Amino acid sequence: MNAKTNLSSVFTKNLGLKFLAFIISIGLWLYVNFGNYVPINVYKTVHIEHKEKDYTYKVEPKNVVLRILVVDRILNQKLLKNTKAFIDARMLKDGINIAKVNIKVPIPFLIKPDASESVYVRVIVMKKAQK
């Protein structure tokens, strides 16, 4: 009877500290397995999002090289194909604009844009001719 009581107290005594140790161990495991980012250059076509129907948009250059950071353990072509380069048209005005290319990634904690390597393009915004 005494051994059974000792065994149950081992699992129930200091339950908060055991839970904290469990959370720390999970965090450490995630850091070790998903903490090593590798820089990769990806060639993408720039798309315009949130276009207004009365305007035309011309991007120069149309294709850019993006630098992204990828966790080396999950590096595969399908995830890199789903990475998109875009410009938000809501920030553009009539005429010639210099716009920063935004990067949309499928899984943000495994793939992230390299902040030190920003890409800028020229966007020409013109109002469509009325018929």
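**Strands and their partners**

Q: What makes β1 and β4 a pair of strands?
A: Strand β1 (residues 37-49) and strand β4 run in the parallel sense and are joined over four bridges. The strands themselves are DSSP runs (E, at least two residues; helices are H or I, at least four residues), numbered from the N terminus.

This is a predicted model, in which residues are numbered from 1 along each chain as its sequence is written. Local features need pLDDT of at least 70 and side-chain atom pairs count only at pLDDT 80 or more, while totals for chains, interfaces and linings use all residues, and side-chain values use heavy atoms, with hydrogens and water left out.

Q: In which sense does β1 pair with β3, and over how many bridges?
A: The pairing of β1 with strand β3 (residues 63-71) is antiparallel and covers nine bridges. One of the positions to look at is N41, which stands opposite R67 in β3.

Q: What makes β4 and β6 partners?
A: Strand β4 and strand β6 (residues 102-104) pair in the antiparallel sense over three bridges, and K84 has K104 in β6 as its bridge partner.

Q: Why is strand β4 called largely enclosed?
A: Four of the five residues of β4 (residues 84-88) are buried, so the strand is largely enclosed by the rest of the structure. Buried means under 20% relative accessible area, exposed means over 50%, and partly exposed lies in between (1.4 Å probe, protein chains only).

**Charges that meet**

Q: How do you know that E49 and K104 form a salt bridge?
A: The side chains of E49 and K104 meet at 2.9 Å, N to O. A salt bridge is a side-chain nitrogen of Lys or Arg within 4 Å of a carboxyl oxygen of Asp or Glu, so the distance of 2.9 Å qualifies. E49 lies in strand β1 and K104 in strand β6, so this pair ties together parts that are 55 residues apart in sequence. E49, at 23% relative accessibility, counts as partly exposed, as does K104, with a relative accessible area of 37%.

Q: What joins K58, E60 and R122 into one network?
A: K58 and E60 form a salt bridge whose closest N and O atoms are 3.5 Å apart, and E60 forms a salt bridge with R122, with the closest N and O atoms 3.1 Å apart. This second pair links distant parts of the chain, since E60 is in strand β2 (residues 55-60) and R122 is in strand β8, 62 residues apart. Salt bridges that share partners therefore join K58, E60 and R122 into one network. The structure holds four salt bridges.

Q: Why is K58 called partly exposed?
A: The relative accessible area of K58 is 47%, so K58 counts as partly exposed.

Q: How do you know that K112 sits over the ring of Y37?
A: The charged end of K112 is placed over the ring of Y37, 4.3 Å from its centre. K112 is in strand β7 and, at 34% relative accessibility, counts as partly exposed. K104 also lies over a ring face, that of F86, at 5.2 Å from the ring centre.

**Cover and surface**

Q: Why is D114 called buried?
A: D114 has 15% relative accessibility and therefore counts as buried. D114 is found in the loop between β7 (111-113) and β8 (120-127). The C-alpha atoms of D114 and L69 are separated by 5.9 Å, although these residues are 45 apart along the chain.

Q: What makes the nonpolar surface patch?
A: F19, F22, I23, I26, W29 and L30 make a nonpolar patch of about 630 Å². Patches are made of residues with over 30% relative accessible area and no salt bridge, with like charges joined within 9 Å and nonpolar side chains (Val, Leu, Ile, Met, Phe, Trp, Tyr) within 5 Å. L30, in helix α2 (residues 15-34), has 40% relative accessibility and so counts as partly exposed.

Methods. Areas by Shrake-Rupley, 256 points an atom, 1.4 Å probe, with all protein chains shown as cover. Pairing = 2+ DSSP bridges. Lys NZ or Arg CZ within 6 Å of the ring centre and 35° of its normal.
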